[in-house]
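Hi everyone, thanks for coming.

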Amino acid sequence: MTLPRPAVSRRDAPCQRPGRLSVLASVSASVLATVLVAAPVSLGVAQVARAQPSLPSLGDAAAEDLTVGAERRLGDRILREIRRDPDWLDDPVLQDYLNSLWQPLLAAARARGDLSDDQQAHFALQTFLVRDRSVNAFALPGGYVGVHLGLIALTTSRDELAAVLAHELSHITQRHIARNIASSRRQSMLGVASMIVGVLAASRSQNADAANAVIVGGQAAAVQGQLNFSRDMEREADRVGFGVLDAAGYAPEGMAGMFDRLQFASRLNDSGQFPYLRTHPLTSERIAEARGRLGVVTDRKGGPVAAQWLHAAMQGRARAMMDGRTQTLTRLAGGGVPTAAAAAQTPEALATACAAAVAATRLKDVRVADAALARARGLAAPQGEAVVRAVQVLQVESLLERGQSAEAARVLSSAVLDGSRAGLLLGARLAALPGSEATLVSRTREDLQTWVALHADDAGAWLALAQVNERQGAPLAALRAHAEARFAQGDLVGAADRLRAGQRLARSNGAVESMEGVIIESRLKAIEQQRRVEMEQERSGQRD
């Protein structure tokens, strides 16, 4: 079950301002499909990865044409562009939740033998968030999976969301993208990536005609064959994904439930919000097969009660973050006003309260925000630490947005956020504020340094460390942290520029021999060398 992808044509475009990342995702895959397998214009990202029949011999051809290392480089190139878009979202709460669902699926895929040793060694196998209200998820080359907030908002259980992730993971493990590429040997990896990057630029201009022009320029005519291939790959991803979902301990009903939810919601009102169903229609055959598989697995319907409440908290957070229009926020904030219905003690009531708290905070309506937060705390308290933590983050964020840093610090110090990335980054926001206590700044700096030593690819933590370093009057360390953040985002040129600025500052201050100065010199040499290697690969068209 692949998720809806925003279509390229104006006719299918969402009525909202299309999120540039959602356009980017669908268009980049459409171009990849067009260039490699002569796909129709309206194909979306994940469909690109599923346009050939699932035959064992094709897997061998894929390995010959596109090694896992080359596929990872292609994915890195695409993701580098995605990270520059404002619709890329690094929300520590939602991302941690997504990872908590993703990791058991990865473990199950490994145990089942779906992930090869090469894939484990080279693929990123990471998820990321897109701030967009359309219901969508997509796989990119190299093991990346993007998830729209609209998908999280639509699902009503962790099992439904996990079913989508399992399906996308199966597109990765079965190397559907590589199989597509194996069908056309005419394009180099550099040519493919260049084409995608060109369409990304067109998508940023919000010009659908420009994007279509690029796509049609490389299009051939094998529409029916493409659709047949897509059905084969969708069936394969359904079958493998179902096995992974079950092996990971999720309720297998989640996949059939997700099919039903998508089909019912799209019948009521599509209006561009279910592009997945246009590019990957839910046939009665696929739905029947998903339901038929339920008879051969253990019934785990519903999952742990606490998991239902935690998903509800994430669902509410996603609802309020995916659409920043005043009209939408006002409607969501209305859920924070006490009513007879608000007395319900249900997960949906928690989702409503969390959405209202975020929306009212963004609207600067303190009264409604406080009422919604009080309601959310009362509902979360009996449901366990994870649910309580999600609400405490909302409370601290709301206080920081109002400028009540002292109260935010009090809540943060008494919260159960220690050791979590969300707590770390909230502490960094406090420490970076003018007037923060020196002990808080120093402790936060140490915590961040420990964190990035273990998570060197965490661009958000590096940026937070840069801000805290600036607050503590350590400009050289701040420049280095900014450089590392750029490097983690795949921007080698930006990283090198900031390291050179640090190099100049160190020399002007006579701090070249300091620890930070030595690190900057070393990192600059390493990044420049990596950049030279990449440029040489681009010039030679090397594909691993």
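So, what covers the buried residues of α23? The cover includes α22 (421-431), α24 (459-471) and α25 (475-488). Contact here means heavy atoms within 4.5 Å, and buried means under 20% relative accessible area, exposed over 50%, partly exposed in between, with a 1.4 Å probe and protein chains only. Helices are DSSP runs of H or I with at least four residues, numbered from the N terminus.

Quick housekeeping. This is a predicted model, where local features need pLDDT of at least 70 and side-chain atom pairs count only at pLDDT 80 or more, while totals for chains, interfaces and linings use all residues. Residues are numbered from 1 along each chain as its sequence is written, and side-chain values use heavy atoms, leaving out hydrogens and water.

Back to α23, residues 438-454. Its 17 residues reach 25 Å from first C-alpha to last, close to the expected 24 Å, which is 1.5 Å times one less than the number of residues. Buried on this helix are Leu440, Val441, Thr444, Arg445, Leu448, Trp451 and Val452. Looking down the axis, these fall within an arc of 130°, so they line one face of α23; that arc is taken from the directions from the helix axis to the C-beta atoms. On the face turned away from the buried side, you'll find exposed Ala438, Thr439, Ala453 and Leu454.

One more thing to spot: α21 (405-414), α22 and α23 each supply at least two residues to the lining of the second largest pocket.
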